[in-house]
Amino acid sequence: MATLELRGIKKHFGSIHAVDGVDLTIAEGEFLAILGPSGCGKSTLMRMIAGLETPSAGEVLIGGQPVTHLPPRARNVSMVFQSYALYPHMVVADNIAFPLKARHVPRAEREAKVKWAAALLGIEPLLKRRPARLSGGEKQKVALARALVRNPTLFIFDEPLSSLDAQVRAMARSELRQLHDRSGITTVYVTHDQLEALGMGDRIAIMKNGRVRQVGTPQQLYDQPADTFVASFLGTPPMNLLERDGRIVGFRPEYLRPASASAAGADALRLKVRIIELEFLGAEWQVYGQLENGATGQKLLAKAQPAVAAGLRVGEQHEFAVAGAHLRYFDSATGLRIANGAH
Amino acid sequence: MARTEAAVRVGIGDREGLLGTLMLAPALVYIAALVGLPFCLAIALSLSSATIGNPGIHHFVGLANFASVLHESAFPLALRNSVIVTAATLIVTLVLATAESELLARDFRGKWFWQILIILPWAMPVSLAAVNWLWLLDSEFSPIDWILRQIHLLGPGTIWGPANHLYYYGREWLGLGSIVAINVWRLLPLATIIVLAGRTSIPRDIFEQAEVDGAGFFRVLFRITVPALLPILVVAAMFTALLVFGDMTVVAITTRGGPGYATQLLPYWAYLKGIEGGALSEGAAIALFMFPILLAVALLALRMVYRAESR
Amino acid sequence: MRLLRRIGFWLALGLFAIFSIFPAAWMVITSFKQDQDLYNVANNPFKYNLAPTLHNISFLFTGTHYPIFLWNSFYIGVIVVIITLLLSLPAAYSLSRLVGRWGERSGMAIFLVYLIPPTLLFIPLYQIVTFLKTANTDWSLVLVYPTITVPFCTWLLLGFFKSMPRELEEAALIDGCSRWQTFLRVALPLSLPGIATCVVFAFALSLSDYIYAAVFVSSTASRTVSAGVPTELIRGDIYYWQSLMAAAAIVAIPLAVAYGLLFDRLVKGFQNEPAGEKAG
């Protein structure tokens, strides 16, 4: 267990700047999710933390020790790969024991450790099987056991749930988080799935084009996005963004309500919206609308409770409102957030 | 929980660049010493007046060896025959290999047994295969001649008569044909293996889709199988061409280039000149004539592969 | 229609099999024939008009150097296979993973080496083995056969390593292996199908060579099957046909069985499919 510190990390492949100056500090025992669209540099960043790539510039420190130029095996990090990377020529038990063998752990201790890890993940019945005969969920557990078995100082997860079925995935998410809470090992979790990042991360770092756009708790990122990218990337559906008076105003769909149904005050933003489509999502409705005043034609999204949605019909025009407290303002040139009300 | 990690010693095994060089070096040094150096030596030899009795290469004679070799009556024949034999073997082998791989791509009873039969020619060393065919096509005791006589295609009063024998190795075109037959026979298993490797990695659903669409066997073969096989066919073609064009064993044991120079091939002629005749320099010159042809064919073939793959 | 297809299939397969084994069948029939039976144009060549005999085979083993040729071919083949693997495996791995982008694309350059056929090299190589004082010994063959096998096997293994998922090796690196240990513990076991193909090919290529064996080695006791049999059993104009055929059959039939049983393996070897990926 240790802290992880990245100082000015850069990685260039020819003229491509995959990672373009990242500074990050991860506290001991923290669960940090790195979130971003594909090609944002998060995988490259993760590979540099693991030691699979050498940074073009900058430093990686684990537990305060610089490890930038050390090979992966000298860092004592564990990693769970997207494909799980189980060794197909070994049975599950040998897969789990492999990191111990590589470190010349004596046989008796090795066997005890494998048993302990297998018990922790509930995969004892699988120990004699080959990876080719495991389901996706089982493979994921074996990969976790292999990562856990040697008490790493740092855990790295590379989209470990992306090849699982949707149903298994929700379970796996909570199991993973529980595992982290029990072991207390500092964790870096790379994903492009915001549900995973929001649900599991103590903090989230959002990356785009090789840079970290914002770091913070899930709540901070959701409520106080640092720029329009974070605002539009996080949340399903994402934040509505409108050009207004030379700046961009943003608000979450759940705060966009028919004026009749909301108790918005004088500072509220009022919009004339034509309903294009209504979509039933179960607990709520998703409302697709088009702005009728101001930037005409701009698409808007709202979420409505069934009682509210009952009063809406496709094709109708309604007045919608967003309370002033829920409005966020961004600079229209830079996309960066500016304080509320500031002009 | 907190088992302290023994300090890891970082060594050569961790330094990828250095390790890569070290792992590559033995093969590279070996190839440089026993392919690169002899290749340069071959060029030097061809420009010298070296003989077996006097193998020094310091006496530079320029292109004289090439000129004298070019003027021999055997040269155009040997070049022509080499090209014909290679091209003919190539075409026949590829057609047969495609057909054979089409059969072997299926599952059927006792497949292993048929595989043993089909791979047999490849299990025989080339020289012994040539001896086998020398006897099979013997001027007097060929069983094929006997069969032809039994069905009245050969012998007095028949279309291939009046002689009782075809004298396969004693006639120009029959001799070349025999050499092609031997080469096809010995290389077909390898070509089939290569083509089959490509054939079985074509996704099965393509064939199923074609079947659903009602395409017949030959339509599937020419519209789907062959285009998908193109890159691997080029690989098979290169292997076959290299093994035929550079081979002298078959001709050395069967026709020995005769009658006259009618079935002479470049490699065997180089051997006769260079080793049997003792004129190392002229032998090297003949052998070098083969290289640009091989290079051109190989580059052309590889370009086709890359184009087919990047499509 | 379905029946017609089946008949067509077995017919085609039968024709291919006949083409493949007809010369060999003639070879086997000849091996057991008596002289008076064989050298009579009037006889049906496919029948034993006189009782079959083992004399030709016993002559091969007692009256010729054939056993020595067999042994020479065998141990030269084994040594060549070992040398080939020792050179090709690290080289192919290095090209596919360690020396950067140009290494991965060097398949074509390796093929160019393969383009230089023995017939182009045997004259200068003859001078080199003479210079190294190995001329006329089996060691000259052990020395030069890898020139044929190393480029081929490196090319084959390069394709194999390239198609192996990088993540497996990266997992090994993270699990505590150095790059070298990763090569030994993960890359090598996974490339076993490729290695098996290389072993078969290297052995077959070294067994099959005639040019080097005929040119470099003239003393009978050091010859291989390839060069020894034709020279020993064809004496001027006298051909010991039955023994020649027996000599070929004794080599070819066991190897055909072995290669035939490995057939699917050999096909896989050209397919670059790592071990265990599909097999359960």
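In chain C of this predicted model, residues 24 or more positions apart account for 75% of the contacts with a separation of 6 or more, two residues being in contact if their C-beta atoms, placed from the backbone, lie within 7 Å. Chain C has 16 helices and two strands, where helices (H or I, at least four residues) and strands (E, at least two) are DSSP runs numbered from the N terminus. The C-alpha trace of chain C spans about 75 × 65 × 30 Å along its principal axes. Of the 280 residues in chain C, 54% are buried, a residue being buried if 20 or more other C-beta atoms, placed from the backbone, lie within 10 Å of its own.

Local features are reported at pLDDT of at least 70 and side-chain atom pairs count only at pLDDT 80 or more, whereas totals for chains, interfaces and linings use all residues. Residues are numbered from 1 along each chain as its sequence is written, and chains are lettered from A in the order in which they are written.

The mean pLDDT (the predictor's confidence in each residue, from 0 to 100) of chain C is 84, with 95% of its residues at 70 or more. Within chain C, confidence is highest in helix α4 (residues 66-98), at a mean of 92, and lowest in helix α5 (residues 101-104), at 70. Over residues 276-280 of chain C the pLDDT is below 50, although this stretch has eleven contacts in the model beyond near neighbours in sequence. For the complex, the predictor gives an ipTM of 0.84 and a pTM of 0.84.

The contact between chains B and C takes 75 residues from chain B and 81 residues from chain C. On the chain B side, the largest share, 16 residues, comes from helix α1 (residues 16-46) of chain B. The residues of this side comprise 59 nonpolar, twelve polar and four charged, with Ala, Val, Leu, Ile, Met, Phe, Trp, Tyr, Cys and Pro counted as nonpolar, Asp, Glu, Lys and Arg as charged, and the others, Gly among them, as polar.

Within chain B, helix α7 (residues 172-200) and helix α9 (residues 217-245) pack with their axes 9 Å apart and at an angle of about 145°; axes are lines fitted to C-alpha atoms over the stretch in contact, and angles run from 0 to 180 degrees between N-to-C directions. Residues making this contact include B:L187, B:L190 and B:I194 of α7(B) and B:L229, B:I232 and B:F239 of α9(B). By class, the contact has 14 nonpolar, four polar and one charged residues.

How values were computed. A residue is buried if 20 or more other C-beta atoms lie within 10 Å of its own, exposed if 12 or fewer, and partly exposed in between; C-beta atoms are placed from the backbone.
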